[in-house]
Amino acid sequence: MYTAAVITVSDRAYEGIYEDQAGPVVRDLLKDAGYDVVKEVIIPDEKNKIIETLLRFSEGQIALIVTAGGTGFSKRDLTPEATKEVIERATPGISEYMRMRSSEITPRAILSRGISGIRDNTLILNLPGSPKAAKENLSFVLPALEHGLDMLYGKKE
């Protein structure tokens, strides 16, 4: 299977005001799906820090980077903007599908601004910061990701 990294983007979790719950949920889902989670970090809602972390993680052998948090309407929610600066090719179908499926559960799903895309050999996905929403959204797309990564890595045409 493939390697993965989980990045929680949250000022409050980074400062220790509360315990990160979304990151561990995402990590466990990825591990249960057979991914080797090789990196897991909590960073503040700072655009430059998000960009730097995405660039650093996508330079190595990490096939999938999943971010949790920073996709809402708050002025500090800049994960999609940072991701947009890092990716080379967008994969809008992934994010659109997550929002569509999530909207079957809550009408607030349309407020998630998360994006997804490819940088070199790394697929990057933005998830909401809520543990429940992160779990639901990742669960919706996880079955298709292996095939996408197989194509990215030349294992399938």
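**Strand E3 and its surroundings**

Hi everyone, let's start with a pairing: alanine 4 has leucine 64 in E3 as its bridge partner. Strands here are DSSP runs of E with at least two residues, helices are runs of H or I with at least four, and both are numbered from the N terminus. A word on the source: this is a predicted model, where local features need pLDDT of at least 70, side-chain atom pairs count only at pLDDT 80 or more, and totals for chains, interfaces and linings use all residues. Residues are numbered from 1 along each chain as its sequence is written, and side-chain values use heavy atoms, with hydrogens and water left out.

Back to the strands. E1 (residues 3-9) runs parallel to E3, joined by five bridges; two strands pair if DSSP finds at least two bridges between them. E3 also pairs with strand E6 (residues 122-127), again in the parallel sense and over five bridges. There, isoleucine 65 stands opposite isoleucine 124.

How many of the residues of E3 are buried? Five of five, across residues 64-68. Buried means under 20% relative accessible area, exposed over 50%, and partly exposed in between, using a 1.4 Å probe and protein chains only. Leu64, Val66 and Ala68 cover one side, with Ile65 and Thr67 on the other.

Threonine 83 counts as buried because its relative accessibility is 0%. Beyond neighbours within four places in sequence, threonine 83 is in contact (heavy atoms within 4.5 Å) with Leu54, Ile115, Ile124 and Asn126.

Last, leucine 111 sits in the loop between helix H5 (92-103) and strand E5 (116-119). Leucine 111 counts as partly exposed, because its relative accessibility is 40%.
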